[in-house]
Amino acid sequence: MLHGKITHSSSVSTALNSLSKEDLDAFLKEHGQSSYRTSQILDWIWKKRVSSIDEMSNLSVELRNLLKENFELKPLVVSKTSGSKDTTFKYLFRLEDGRYVESVLIPANPALYGEKSDRRTLCVSSQVGCAYACKFCASGLAGFTRNLTADEIVGQIVAAERESGETINNVVFMGMGEPLANLKNLMKAIEIITAHWGLEIGARRLTVSTSGLAPSIKQLAEFHVPIRLAISLHGACDEVRDLIMPVNKKWNVDTLFDSLRHWIKHSKRKLTLEYILIKGINDDLDQAHLLAKRARSIKAKINLIPYNTVEGLEWERPSESHCRAFQAIVKKYDVTATLRLEKGHDINAACGQLRLKQETEEGIITAPLKELKR
Ligand code: SAH
C-alpha cells in the first residue's frame, strides 16, 4: 500500500481527493482530530461526490477550515464530449495546468454487439502524452509531458459517471500514457478505485496495459493486488518488435517474458497479450506461430486487434480474411485468441487514437505530428 508523506507545495495545493484512508487518518491525527472524521470526509468525497469542502456539512467549521488550508477538492473538468455512432463516448478533460487528456466510455450494448454483459468500461489515461513512441500509436506522437496524479486518474472515472449517469464497473488503463511509468500514482489511484470507502470497483475489473516495462512488471507483482495485466506485444520476435516498439531495445522479448513469468508466479494472475495486426509489418503468418508458442508457454490469452488508422500515419489493417487466418493459426496451438470488435473509430476514440490536444485561438486542435520514420 502506498501512502507516502504528503508534501505541501506553495503553488499547487494537494488534492483532498488524492488521499488514501491512511493518508487522511495520519493528517487528522497530526491535527488532534478524531479518526471518525476520516470516514465522514471520505464519504463526502467518494459516495456523496460533493464538489467543495464547504458542502461537508457534518464537519465543524473549524475542521472544514483546516482542510481548506491544507487541501483542495479537485474534480476533473470535462471540456468536450464526443458521442460515437456505436455508443462510445469520448471525454476530453482540461487539467489544472491547461493540459488535456481523454477517456473513452464503452457501454455494453447488446443490441449492437450481442454481448450479454452489463459491463460499462472506461478507458482511462495515465499520463499526458507518452514517452515510449510506439510507431503505430497516436498517443506518443507529440512526446511525453507529465504523469497524471492519482486524483486526475480517478477523476476521469468520477467525471465520466457524472456526465453519463452510468456507473462504471470496469476500468482499462489503455488510454494515453504508459501506466507502469507512473507506478506510484497508478497504485494510489488503484487503491482509491478499489477501496470500499472509494469507488468500490473490484481489482479483478481493472486491467493495466503496458508496452512492456519488464522491471516495473516485476514490481507490480509485489503489490499483490489482483488486477488484470495486458501486455502490448505486437511482435513475437525481436526483429519485428524492434521495428515498431522502441521499448523493445531496452527490454527485449525474452526479458519481457521473464518478467511475465515472475508476474504469474507472484501474482497468481493470468495475463493477456495484445497484438495489433498491421498490414505488411507484423501480420506475417510466421508471427502467428511464434506468438502462439510464446502465449502457450505462459498460458496467456491473446487479443488480436486489427490496426486502427491514425491520422498522419500510413499504417493499415490487413483484410478481415487475413486477420481470421492469423487467428486460426494461433487457435491451433490451443491458445484462446479473440479478434477484438472495434469501437469508437469514428470519433478517434479507438485504441491508439488518443493524442495530445492543445488550445489555440480557434479552439482545441490535435498536437502537431512529429516526423515519423518507419
Ligand atoms: N502504454 C500502454 C497503454 C496504452 S495503449 C500500452 O502500450 O499498453 C493501449 C492499447 O492500444 C495497447 O495495446 C496499444 O498497443 C494499442 N494501440 C495503440 N495504437 C493502436 C492502433 N493504432 N490501433 C490499435 N491498437 C492500438
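This note comments on the sheet and the helix packing of a predicted model.

1. Basis. In this predicted model, local features need pLDDT of at least 70 and side-chain atom pairs count only at pLDDT 80 or more, while totals for chains, interfaces and linings use all residues. Residues are numbered from 1 along each chain as its sequence is written, and side-chain values use heavy atoms, with hydrogens and water left out.

2. Sheet. Ten strands form an open sheet with mixed pairing, in the order S3-S4-S5-S6-S9-S10-S11-S12-S13-S14. Strands (E, at least two residues) and helices (H or I, at least four) are DSSP runs numbered from the N terminus; two strands pair if DSSP finds at least two bridges between them. Strand S3 (77–83) and strand S14 (337–339) are the edges, each pairing on one side only.

3. S3 and strand S4 (residues 89–94) run antiparallel and are joined by six bridges. Val78 has Phe93 in S4 as its bridge partner.

4. Helices on the sheet. Helix H10 (residues 253–267) lies across strand S11 (228–232) and strand S12 (271–277), at about 145° to S12. Helix H12 (residues 320–332) lies across S12, strand S13 (301–306) and S14, at about 170° to S14. Axes are lines fitted to C-alpha atoms, for helices over the stretch in contact, and angles run from 0 to 180 degrees between N-to-C directions. Contact means heavy atoms within 4.5 Å.

5. Helix pair. The axes of helix H1 (residues 21–30) and helix H2 (residues 36–47) come within 9 Å and cross at roughly 130°. The contact involves Lys21, Leu24, Asp25 and Leu28 of H1 with Arg37, Thr38, Ile41 and Leu42 of H2.
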